[in-house]
Amino acid sequence: MDICSIFNLQRGISMQTIYLDHAATTPIHPEVSAAYVNAMDTVFGNPSSIHSFGRTSRKLLDDARKTIAEAIHAEPTEIIFTSGGTEADNIAIFGTASAMKEKGNHIITTAIEHHAVLNSCKELEKNGFRVTYLPVDENGQITVGQVADVLTDQTVLVTIMYGNNEVGTIQPIKEIGELLKDHQAVFHTDAVQAFGILKLDVQELQVDLLSASAHKLNGPKGVGFLYQRKGLQTTPLQFGGEQERKRRAGTENVPAIVGFAEAVNIAQKEMEANSVKYNRYQTILSEVFEREGIAFEVNAKEANRLPHVVNFSFPGTEIESLLVNLDMAGIAVSSGSACTAGSLEPSHVLSAMWGSESPKLRNSVRFSFGLGLDEQTIAEVASKTAEIVKRLVK
Ligand SMILES: Cc1ncc(COP(=O)(O)O)c(C=O)c1O
């Protein structure tokens, strides 16, 4: 039986599972859920309607927009609500490419972007755009110098993620913003993993576009936003009504947006404490692994990293058996590998960091932290993981 079928079989088995895959998605916060359900139960008007039902919805939408704008030091009119991070990335990339096509056809990105960015760029290549995929070092890092080296007068878009979803590496976004401030290129950052975890200020970063998604910060699924700097033009991807100042047609999902704003409020309040907690969790994992005497490596260890993501390599193990055994032990973690045709395809992020022949591609696991965890649970995860690794090492 192949690995993907084993996971499918196990899906039916219920057990007490420790969820350490918060970079994939997060559980909804009880207060977010309450705000979301309350908005759904009590307010149904179309925010574009001018009667009182519409105005009540509009007020919720405006308040949510203000909360979210303030969180990144933007103006409410600069927030475009979307169906999530993927749509925000798509509007940023296709919308800019189309709006800027008279000014050039060159795009700069990195080899380790999320597929929402990578596949959008690949699509644009079919339509006459030239895309530079910057290589990363073994820590998943690019430098501002690499961007400067490939920047031309044909460059219309630079799209570089804030923090990586697999290894947590944070890119020098502020420095790249500084480099691009007098260049025609529009600067987009996919901050889906960083928003809600780190303080982000679009003025300081000098980004023109920034993507975020609610389900990464204990908010509802299917809602996100694109920050679009005032005065910047992007060609809309969908046509219809005049919602979101004609930048994204379609009636807004008001209850989900209300939930999103509540999640942002909570994340802002708890950000610093969470950061300390998550760094401590990383340390606990490493300390227990050391104490148990297993061979391990923290991947991207030299990089400045997101606190809630840590990726370990366990030499001598194989990813399939590692994931199956962790799952059977009630530990939900992830590898960047995708189930393709019944086997696990190595992650494009890890391949970009170490080359396609590196054994680490086949023995690396991501642990990601969030709501509902504590130090004792992490210590338990670490001991069980160490036990499994000892059993599996050949
Ligand atoms: C860095 C990054 N960008 C974009 C996305 C896509 O966001 P969504 O799931 O909201 O479409 C994700 C989700 O995993 C992500 O981690």
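Predicted model: local features only at pLDDT ≥ 70, side-chain atom pairs only at ≥ 80, totals over all residues.
**Exercise 1. Carry out the analysis for Arg 245: determine its accessibility, its phi and its place.**

Solution. Step 1: with a relative accessible area of 57%, Arg 245 is exposed. Step 2: phi of Arg 245 is near 50 degrees, again positive in a residue other than glycine. Step 3: Arg 245 lies in the loop between strand S8 (224–228) and H9.

**Exercise 2. Determine whether the radius of gyration of the protein chain agrees with that of a compact globule.**

Solution. Step 1: for 394 residues, a compact globule would have a radius of gyration near 21 Å. Step 2: the protein chain has 22 Å, which agrees. Step 3: the C-alpha trace spans about 65 × 55 × 40 Å along its principal axes. Step 4: buried residues make up 55% of the 394 residues. Step 5: among contacts with a separation of 6 or more, 73% are between residues 24 or more positions apart.

**Exercise 3. Identify the buried residues of helix H5 and the elements that cover them.**

Solution. Step 1: H5 comprises residues 115–125, and its buried residues are Ala 116, Val 117, Leu 118, Ser 120, Cys 121 and Leu 124. Step 2: the cover over these residues includes two further helices, H4 (85–99) and H11 (348–354). Step 3: strands also contribute to this cover, including S3 (106–110), S4 (130–134), S5 (155–159) and S6 (186–190).

**Exercise 4. Describe the largest nonpolar core and the surroundings of Phe 369.**

Solution. Step 1: in soluble globular proteins, nonpolar side chains tend to be buried together. Step 2: the largest nonpolar core here has 92 residues, and Leu 20, Phe 195, Phe 225, Phe 260, Leu 285, Phe 367 and Phe 369 have the most contacts inside it. Step 3: helix H9 (residues 254–291) gives the most to this core, with 14 residues. Step 4: leaving aside residues up to four places away in sequence, Phe 369 touches residues including Leu 20, His 22, Tyr 278, Leu 285, Pro 307 and Ile 378. Step 5: a second, separate core of 19 residues includes Ala 88, Ile 107, Phe 129 and Leu 226.

Notes: Residues numbered from 1 in each chain as written. Heavy atoms only, no water. Rg over C-alpha atoms; globule rule 2.2 N^0.38 Å. Buried < 20%, exposed > 50% of the residue type's maximum accessible area, 1.4 Å probe, protein only. Contact = heavy atoms within 4.5 Å. Helix = DSSP H or I, 4+ residues; strand = E, 2+ residues; numbered from the N terminus. Core = buried A, V, L, I, M, F, W, Y, C linked by side-chain atoms within 4.5 Å.
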